[in-house]
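Please keep the sequence and the structure in view while reading.

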Amino acid sequence: MILFSSLIILTKFADCYTTANKINHEHNFEKNPLARFLMKRFGINSTIWIIFIITIFITIISLISVIESNSLDYEILFILIASLVSVVQFFVALHNHTKNPNFLTRILYRIFFTNR
């Protein structure tokens with residue numbers, strides 16, 4: 001359980017770090033409309049690192065809740081969700097770092113940001 005929590009936090013850090021470098025050095029705009037709104041309101045770096053801190057709190061609270069539940073079903077669900085979130089965050093960070101879309105970021109972009 002701690003391994004999967006750590007993966008969420010590490011991949012979120014990579015996502016935040018690469019986003020901060022990408023936006024600050026290239027002045028690109030964030031694709032996520034909510035994050036873009038918050039960045040305009042509170043500043044780019046403040047928003048990025050506040051989101052990282054929120055991620056840590058949510059992850060810790062979720063981990064504690066699952067451990068205290070003593071439920072195998074919740075543990076399995078936590079592992080599945082943590083794995084999915086970590087994979088997505090990894091590929092977003094990879095996209096930010098390489099500046100090249102990958103298969104997952106192309107799919108996410110089509111799902112969330114193209115007009116239908």
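The text below covers a charged pair, then aromatic rings, then a surface patch.

The model is predicted. Side chains of opposite charge can pair when their charged atoms come close. In this model the count is 1 salt bridge. Lys12 and Asp15 form a salt bridge, with 3.3 Å between the closest N and O atoms. Both residues lie in helix H1 (residues 2-26), and because they are 3 residues apart there, about one helical turn separates them. Asp15 is buried, and Lys12 is buried as well.

Aromatic rings also pair: the whole structure holds 6 aromatic pairs. Two of these pairs involve Phe91 and are listed here.

| Ring pair | Distance between centres | Angle between planes | Type |
|---|---|---|---|
| Phe90 and Phe91 | 5.3 Å | 80° | edge-to-face |
| Phe91 and Phe103 | 5.2 Å | 70° | edge-to-face |

Phe91 has a relative accessible area of 18%, so Phe91 is buried. Phe90, at 44%, is partly exposed. Elsewhere, ring pairs join Phe13, Tyr17, Trp49 and Phe52 into a cluster.

Phe103 also belongs to a nonpolar surface patch of about 580 Å², together with Ile107, Tyr109, Ile111, Phe112 and Phe113. Phe113 is placed in helix H5 (residues 103-113). Phe113 counts as partly exposed because its relative accessibility is 31%.

Terms used: Residues numbered from 1 in each chain as written. Heavy atoms only, no water. Salt bridge = Lys/Arg side-chain N within 4 Å of Asp/Glu carboxyl O. Helix = DSSP H or I, 4+ residues; strand = E, 2+ residues; numbered from the N terminus. Buried < 20%, exposed > 50% of the residue type's maximum accessible area, 1.4 Å probe, protein only. Patch = residues over 30% accessible without salt bridge, like charges linked within 9 Å, V, L, I, M, F, W, Y side chains within 5 Å. Areas by Shrake-Rupley, 256 points an atom, 1.4 Å probe, with all protein chains shown as cover. Phe/Tyr/Trp six-rings, centres within 6.5 Å; stacked < 30°, edge-to-face > 60°.
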